[in-house]
Amino acid sequence: MAYEIVCGLEIHAELSTATKIWCGCANEFGGEPNTRCCPVCTGLPGALPVLNRRVVAFAVKAGLAMHCTIAPRSVMARKNYFYPDMPKAYQISQYEAPLCLGGHVDIETSAGPRRIRLTRIHIEEDAGKLLHDAYGTGTLVDLNRCGVPLIEIVSEPDLRGAEEAKAYMEAVREILEACAVSDVKMQEGSMRADVNVSIRPVGATEYGTRTEMKNLNSFRAVHRAVEAEAKRQEALLAAGKKVAQETRQWDDNRGESRGMRGKEDAQDYRYFPDPDLVPILVSESDVARIRAELPELPAERRARYIGTLGIAEADAALLTRSRAEAELFEAVLAQGVGVRAAVTWVVVELFARLNAAGRSVADLPFGGAALGRLAALVEAGKVNAGSARRILGSMMEQGGEPAALAESMGLLVVADEGGIAAAVAAALAGSPAAVADYRSGSAKSFGFLMGQAMKAAGGRADPKLLQAALREALDGPAEGKA
Amino acid sequence: MSAYAAGIATLDALGLAAALRRREVSSPEATRAYLDRIDSYDGTIGAYLHVRADDALRDAEAAQRTLDAAAKDGSTPPPFCGVPVALKDNLCTKGTPTTCASRLLAGYVPPYDATAVERIAASGAVVLGKLNMDEFAMGSSNENSAVKPVRNPWDAARVPGGSSGGSAAAVAAGLAAFALGSDTGGSIRLPAAFCGVVGLKPTYGSVSRYGLVAFASSLDQIGPLARSVADAEAVFGLLAGRDPHDATTVDRPATAAAPRIVKGLRVGLPREFLTDAVQPEVRDAVRRAADWLAAEGAEVAECGLPAVEHWIPAYYVVSSAEASSNLARFDGVRYGNRAVGYESIAGMYMKTRSEGFGAEVKRRILLGTFVLSAGYHDAYYGSAQKARAHIRNGFDRVFADHDLLLGPVAPQTAFRLGEKTGDPIQMYLQDICTVGASLAGIPALSVPAGFDAQGLPIGLQLTGPAFAENTLFAAAGCIERAAGCRGRFPDLGAAASAAGAGR
């Protein structure tokens with residue numbers, strides 16, 4: 001029987017506010033264990049949380065970017081459970097009255113565009129970290145991450161398979177990045193996902209029994225986990241067994257999951273409104289102000305590149321993968337470079353080299369403006385394309401200003417009469433046989449001589465001037481040209 | 001000790017502050033006088049869990065330097081400069097143990113001061129130490145302290161009331177000029193009544209809870225226990241006001257600051273609290289106080305108070321639900337006492353909490369966990385929230401045509417140690433008159449209004465709408481003057497022998 005995969009994601013993203021959600025501690029990754037915390041974020045007796053309003057502004061921005069309705073009044077609630085990474089023994093989250101409702105994220109799939117509906121986005125606090133067996137056989141607790149603000153983005157079960165799940169997560173990442181509300185650094189855990197997976201016969205309208213896998217921290221892990229889980233469920237059904245509703249642990253190293261706890265062991269979190277906090281009120285004018293601050297979102301930017309700038313879809317997709325890449329491209333354009341040249345320099349030259357070297361635009365020692373100035377030198381005929389590629393190679397290693405590099409590397413175009421004439425003379429003198437061939441009617445010998453002349457000029461002669469000078473030397477002065 | 005120092009404990013805090021400013025006595029003298037009294041009498045009373053003897057004297061010397069400097073340059077020192085006071089042991093004090101009278105927190109020293117503690121320090125007061133209480137503020141008799149019970153200074157065979165029993169007993173026995181307590185369902189008012197001192201539970205949100213070890217966050221308020229209404233008013237003035245560390249605090253409306261007079265006040269006497277269930281002498285005290293207020297021009301009449309039957313159930317559901325969550329953090333992982341001999345993290349939690357919490361705390365945690373559990377949440381916690389809204393409405397309706405309500409604090413005066421410990425429900429019913437104001441978030445004050453035939457203090461409760469503290473102070477001042485209790489002090493020598501007999 002053919003099955004359809006149904007999945008939904010709960011994506012947790014840390015917000016990049018300057019301070020934590022309940023206290024004035026700096027919101028920064030890492031640090032010596034238990035140095036970035038205070039009585040409030042470590043939940044000492046008597047300490048109270050006070051909501052950082054920037055967290056609300058950031059979450060509203062993310063919500064608006066994903067087309068949510070912003071609740072004028074929302075409520076923080078306590079989610080009670082015992083675990084040493086949560087020093088209050090409850091997580092302050094939102095339950096019955098979240099900040100953002102509904103919304104959607106549009107994704108591109110191999111089968112065309114799809115709209116993934118959101119259930120809600122709510123704000124909550126992150127937990128600390130446990131370090132198992134790092135010291136003897138005990139477990140150590142690092143509370144630096146306690147109180148880091150999070151949003152949880154809950155999708156409807158609209159995703160149909162691993163590819164869509166991955167594409168959706170990538171799209172969410174792009175949006176959060178564009179809004180500058182999260183670092184979206186998967187490797188630092190600032191964005192991670194819980195994935196719900198079920199399968200059902202193609203054409204069925206009822207959902208199958210779902211399982212959940214928690215804390216997947218890469219696109220690849222999401223893709224593999226969904227694929228493997230769907231296969232596991234299919235095998236169960238094929239063997240006449242049932243899928244158990246449970247939480248499973250995904251082991252990305254082994255590429256498989258194992259059961260953690262079943263439905264009967266599901267925790268009762270005993271949610272109730274946190275009496276230490278007052279309801280969050282967001283006025284219409286707050287929403288209007290934040291909406292006005294929204295940047296161009298990746299999908300809008302992509303559409304503009306294709307529609308207004310006439311860039312091919314594949315190139316537009318590459319250029320808008322991340323905010324950094326798009327901003328680099330627009331900085332190249334801002335130097336007055338034509339769109340086609342700019343796309344070539346960014347996609348063909350730069351991205352290809354970065355890919356080959358396993359680097360990203362974040363690692364570059366120069367900005368888009370410098371690349372734009374290099375492209376402009378080529379367009380102005382001051383540097384040949386080949387020379388410009390050598391200059392780019394140097395820039396990628398140690399940065400620098402293109403014009404200065406062209407000068408110091410001796411790559412500025414030779415356009416003076418003396419230099420051109422010397423190159424032509426050297427070519428003619430060095431290849432008498434080719435000169436004779438040309439004069440006896442072999443047109444292709446001109447190409448050879450042109451190559452020799454360019455070589456004599458060190459590859460940096462202005463090609464038009466060189467060609468004219470070579471023709472003149474071989475054919476005599478061009479009639480009527482003066 | 002100067003002859004003057006011997007009488008220091010009979011002054012109220014403002015009186016002592018004035019004497020200190022007039023340099024009739026020094027702060028180290030006053031502090032030593034209080035420490036001597038603690039030495040002499042607290043073995044009987046049991047009000048203190050921790051005495052800061054050396055630190056208090058050092059602080060007193062610093063306060064004296066401030067007083068000396070102010071006298072020299074003619075400036076005004078802080079209002080309670082050099083006055084020895086004490087704090088309930090659920091208020092976090094940096095560098096001084098804060099245990100909530102629980103085994104679980106024995107020896108715990110917080111790294112920060114509660115906002116209320118900071119404000120008391122800023123007033124120049126000298127902190128003598130930390131006061132006994134029911135464990136985590138859960139109790140009405142102070143018998144739930146894991147350390148020791150507190151005895152009533154007026155009769156050491158009797159309880160001081162709870163949970164701020166140590167605070168009330170210390171002030172009544174002259175072991176602190178004033179004390180801070182906390183009130184969740186009556187925990188300031190009940191012991192104030194049993195010990196014959198003034199106790200105020202402020203409007204919810206008036207006083208920062210930052211640094212108060214939480215029992216029930218939507219009900220807890222810090223307030224003063226004092227020898228006079230004027231002291232209570234002055235201390236409340238220090239404590240009140242928005243705190244950026246407590247999101248539930250508010251700035252008091254400007255109108256709340258206006259002084260009030262008794263003349264013209266519309267005073268209601270709720271019939272629900274004048275029934276036969278109330279000790280006759282307490283009922284008589286209410287009627288007598290009503291006459292005193294009327295004599296000063298108040299309009300006094302009996303009234304009905306809606307929803308009273310919902311108070312106790314709603315209170316015990318809401319407060320226990322919040323407590324079950326607030327007390328979950330005491331897991332032995334980061335502070336407090338961790339049990340030894342466990343095989344898993346769950347085992348560590350269970351053993352630590354089983355050994356660390358007393359029976360009443362466990363009872364409330366179990367009750368609170370139950371009422372929030374899936375399947376019961378709506379029936380209990382949900383219903384209690386509805387009842388709470390209903391109770392608030394009831395008060396709103398009454399205060400539409402009343403400025404304050406006058407009634408008893410408790411159905412009777414102080415009872416004997418051990419008298420109600422076998423029956424939690426009987427103990428819970430001690431709060432029958434006080435939990436309403438807690439649920440509604442409105443201010444209520446306990447003022448001494450005389451003594452019963454056994455020589456035990458009778459406290460009366462004044463309840464007003466939100467931010468009406470000044471109205472309460474005005475009416476309480478009238479009752480205080482008319483009752484003339486200020487000149488009467490417990491005989492601690494007799495208390496000691498009674499305690500001996502009672503043991």
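In this predicted model, B:S163 sits in the loop of chain B that runs between β3 (126-131) and α6 (165-172).

B:C100, in the loop between β2 (84-88) and α5 (115-122), is not a glycine, yet its phi is positive at about 55°. B:C100 counts as buried because its relative accessibility is 0%, with the cut-off for burial set at under 20%. B:A307 also goes positive without being a glycine, with phi at about 70°. It is placed in the loop between β8 (299-303) and α10 of chain B, and at 6% relative accessibility B:A307 counts as buried too.

Another loop of chain B, the one between β5 (198-201) and β6 (221-226), holds B:S206. This serine has 0% relative accessibility, so it counts as buried. What surrounds it? Setting aside neighbours within four places in sequence, B:S206 is in contact with B:Q221, B:F236, B:L239, B:A240, B:G241, B:R252, B:F467 and B:E469.

Turning to the interface, chain B puts 36 residues into the contact and chain A puts in 31. Together the two chains bury about 2,600 Å², with 61% of that on carbon and sulfur atoms. The salt-bridge count between them is just 1: the side chains of A:D276 and B:R209 pair up at 3.0 Å, N to O. Polar contacts across the interface come to 14 residue pairs, both partners being at pLDDT 80 or more. On the chain B side, α10 (308-326), α11 (345-356) and α12 (359-372) each supply at least two of the residues touching chain A. The largest share, 4 residues, comes from α10(B). Sorted by class, this side of chain B has 20 nonpolar, 10 polar and 6 charged residues.

Over in chain A, helix α9 (residues 368-379) has 12 residues and reaches 16 Å from first C-alpha to last, close to the 16 Å expected at 1.5 Å a residue. Its buried residues are A:G368, A:A370, A:L371, A:G372, A:L374, A:A375 and A:L377. The cover over them includes α7 (323-333), α8 (339-357), α10 (385-398) and α11 (402-408) of chain A. After α9(A) comes A:G381, with a positive phi near 75°.

Technical notes:
Residues are numbered from 1 along each chain as its sequence is written. Chains are lettered from A and ligands numbered from 1 in the order in which they are written. Side-chain values use heavy atoms; hydrogens and water are left out. The expected span of a helix is 1.5 Å times one less than its number of residues. Buried means under 20% relative accessible area, exposed over 50%, partly exposed in between (1.4 Å probe, protein chains only). Contact means heavy atoms within 4.5 Å. Buried area is the accessible area (1.4 Å probe) that two parts lose on being put together, summed over both. A salt bridge is a side-chain nitrogen of Lys or Arg within 4 Å of a carboxyl oxygen of Asp or Glu. A polar contact is a pair of N or O atoms within 3.5 Å; within protein, one must be able to donate a hydrogen and the other to accept it, and residues adjacent in sequence count only if both atoms are side-chain atoms. Ala, Val, Leu, Ile, Met, Phe, Trp, Tyr, Cys and Pro count as nonpolar, Asp, Glu, Lys and Arg as charged, and the others, Gly among them, as polar.
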